[in-house]
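User: I'm new to this one and would like to learn how to read a few of its features. Could you walk me through them?

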Amino acid sequence: MKNVIAAAAFVLGAVGAWAQSPGLPSVEAFFSKPDIREAVISPTGRFVALASKNKDGHEQLVVLDTAKLTANVVASFTTGDVVNVRWLSDKRLVYSAADADRETSALAVPLGLYAVNVDGTDFRNLIPMPSGQGVQFSAPTAFTTRFLATTWMKDSDDVFVTQAKFTNKGEFELVRLLRMDSHTSATKTWTPPGDVFDWYLGPGDEPKYVVTRGEGMQADVLYSEGGAWKKVSTFNRFLGGDFEPVGYGPGGITYVAHRGNSDTTELFTFDPKTQQFSADPIISAKGFDLSPRMLRSGDRVIGIRYMVDAQSTHWFDPEMKKLQAKIDATMPGTVNRIDVPLRPEVPFVLVHAHSDVDPGQFYLYDTKAEKLVKIGHYKKDIDPRQMAPLDLSRIKARDGLEFPVWVTKPKGAKGPMPAVVLVHGGPWVRGTEWGWDRDSQFLASRGYVVIEPEYRGSTGYGFRLFRAGWKQWGLAMQNDVADATRWAIEKGIADPKRICIAGASYGGYATLMGLANDPDLYRCGFEWVGVTDIDLMYSIHWSDFSDDYKSLGMPVLVADREKDAAQIKATSPIAKAALIKQPLLMGYGAADYRVPIDHGRDFRAAVEKTNPNVEWVVYSDEGHGWRQLKDNVDWWTRVEKFLARNIGQ
């Protein structure tokens with residue numbers, strides 16, 4: 001990539017009302033890059049940095065003067081996009097780059113790190129993006145460097161980065177911490193207290209907590225006091241911890257995400273000197289892990305941003321609480337996220353408004369004049385009036401375990417509808433939240449109700465639901481998907497004769513298992529980059545699963561390769577291929593390091609022996625999912641035609 005520094009006029013385009021789009025929104029409208037991917041307010045509030053799409057379709061770095069409402073392009077690439085924009089100080093930014101032509105693997109796509117002044121001067125390539133396809137681990141000392149954080153008060157042009165060290169086999173060893181001068185690239189390092197894989201910085205721009213690797217699956221959380229480290233928590237590094245520093249209050253008090261006596265993660269304060277948590281949580285929400293993030297103004301903690309069904313903010317500051325109420329009254333029906341300058345010098349805050357039907361809009365709010373000024377849309381070609389509402393229900397599985405189910409109904413839908421049961425990947429992740437999602441909204445725009453179960457093993461809804469999914473691939477996890485489908489039928493949401501199951505990665509696995517296990521429920525299935533053989537996850541040598549994870553994590557979460565060999569065979573789609581008679585669409589990336597294409601090829605060869613209705617596509621430049629617009633358009637156009645043939649009206 002070549003970096004281009006230029007000054008250009010920025011038009012706050014498409015800020016008025018949407019023109020009514022004739023007919024259905026195009027596939028491109030859903031899967032093209034955002035018009036404004038992110039907006040970040042500067043430490044004083046004098047500027048807003050935008051990752052904004054240009055006329056060539058690449059995302060560039062634009063800086064908007066909040067007082068003058070004038071803007072300049074300060075950085076762009078001739079190929080690729082500006083991403084992950086952060087302010088170092090009020091005059092300098094750092095950002096990374098994404099390359100749509102590179103394969104998608106966490107280890108194979110180094111994003112680089114770049115710094116530039118607010119006026120486009122003093123560009124610095126801090127961490128170059130290597131040329132070629134992927135990272136080659138050719139030496140035991142190979143490092144991959146990533147952005148970690150800015151300084152505490154964002155009043156320095158230094159940046160903190162981490163360097164992950166790998167062996168010559170690509171096995172992860174440890175993470176080093178460096179403080180880098182963004183003008184000269186000069187660095188300062190810290191001596192780690194063991195094999196550190198997470199660093200948490202605090203006031204004074206010093207590491208306050210680290211997470212180190214212990215014996216086997218053990219991980220230790222250490223706290224630094226006067227240069228000495230002491231252990232404050234221990235957890236299983238593959239099964240998740242119960243102690244995550246979120247931020248810092250006066251006197252060294254730490255805000256911590258912690259379960260306490262609850263099933264869900266709540267927010268507590270923690271005194272590292274006495275190693276005592278607050279008696280009661282500061283914030284909690286029944287049925288949801290909060291995933292909190294601290295909001296500061298100077299050294300004051302003014303609020304906490306967290307996740308329940310949707311993103312929410314708890315303001316400690318009374319003036320911010322009033323401001324939130326005022327903006328919410330002005331824009332009802334949307335989640336209105338307010339971002340406040342760290343060291344405010346001007347009366348501007350940044351507002352990001354979004355909902356289930358609106359991908360998002362960005363505003364400046366003048367707190368003095370009490371005036372909203374629209375900056376632009378996340379995706380201007382998406383008309384919220386054409387989108388479908390999203391609702392969350394909680395249902396009980398056949399064994400009594402409660403789990404959430406999201407339902408996206410086409411606008412104006414009445415009675416049972418043709419349906420797509422869309423199973424999220426992971427599987428140890430949260431599937432969705434109340435907001436606009438391109439996959440489910442595209443399907444709903446074509447007339448299908450979309451059912452998304454947060455089956456056992458999903459995270460974000462409490463430890464009990466997560467724990468219930470261990471060693472349940474193809475078993476109780478699969479039953480949850482079927483139970484959500486039957487629930488939708490009983491509620492009159494889904495037409496029992498016109499239901500298709502779909503998903504990617506683990507969701508692709510669940511799609512194939514659903515077709516085999518529950519042929520009475522599903523008329524068809526489409527899956528992409530799906531796991532087809534659990535044993536192959538252990539044996540294939542060129543995936544990005546580490547030997548450590550295969551030997552220590554997977555035997556607990558998925559199955560023990562030796563002790564559970566019979567279960568692995570019985571719950572692998574490859575062994576059930578002959579049972580799948582329904583129409584099937586499969587897609588794989590030739591450069592996928594997470595689920596190598598062998599999974600797809602082997603299964604295709606097996607299923608085509610007894611099923612003549614199999615459609616197969618390989619994208620040569622893609623990895624674990626589709627990044628390029630042309631491939632997304634091709635795939636989802638295939639999906640649209642596939643559904644129309646099999647369950648459409």
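User: At what angle do helix α3 and helix α11 pack, and how far apart are their axes?

Analyst: Keep in mind that this is a predicted model. The general idea first: a pair of packed helices is described by the angle between their axes and the distance between those axes. Here, α3 (residues 438–445) and α11 (residues 629–646) pack at about 40°, and their axes are 11 Å apart. Because of that angle, α3 counts as oblique to α11. As for handedness, α3 and α11 cross in a right-handed way.

User: Which residues of α3 and α11 make the contact?

Analyst: On the α3 side you'll find Arg438, Asp439, Phe442 and Leu443, and α11 brings in Asn632, Trp636, Val639, Glu640 and Leu643. Sorted by type, the contact has five nonpolar residues, three charged and one polar.

User: How about empty space inside? How many cavities of 30 Å³ or more are there?

Analyst: In general, rolling a probe the size of a water molecule over the atoms shows where empty space is left. In this model the count is one cavity of 30 Å³ or more, and the largest cavity holds about 40 Å³ of space. Its lining is made up of Val531, Met537, Ile540, Ser543, Phe545, Arg594, Val595, Pro596 and His599. Six of the lining residues are nonpolar, two polar and one charged.

User: And the backbone: where is the cis peptide bond?

Analyst: Look between Gly426 and Pro427, where omega is about 0°. Pro427 sits in the loop between β31 (417–423) and α3. Also check Lys154, a non-glycine residue with a positive phi, near 50°. Lys154 lies in the loop between β10 (143–150) and β11 (158–166).

Terms used:
Residues are numbered from 1 along each chain as its sequence is written. This is a predicted model: local features need pLDDT of at least 70, side-chain atom pairs count only at pLDDT 80 or more; totals for chains, interfaces and linings use all residues. Side-chain values use heavy atoms; hydrogens and water are left out. On a 1 Å grid over the protein atoms alone, a cavity is a set of points where a 1.4 Å probe fits but cannot get out, and a pocket is an open set with protein on both sides within 12 Å along at least five of seven lines; lining residues have an atom within 4 Å of a point. Grid points are joined across faces, edges and corners, and a volume is the space filled by probe spheres set on the points. Ala, Val, Leu, Ile, Met, Phe, Trp, Tyr, Cys and Pro count as nonpolar, Asp, Glu, Lys and Arg as charged, and the others, Gly among them, as polar. Axes are lines fitted to C-alpha atoms, for helices over the stretch in contact, and angles run from 0 to 180 degrees between N-to-C directions. Helices (H or I, at least four residues) and strands (E, at least two) are DSSP runs, numbered from the N terminus. Angles under 35 degrees count as roughly parallel, over 145 as roughly antiparallel, 65 to 115 as roughly perpendicular and the rest as oblique. A crossing is left-handed if the near helix is turned anticlockwise from the far one by less than a right angle, and right-handed if clockwise. Contact means heavy atoms within 4.5 Å.
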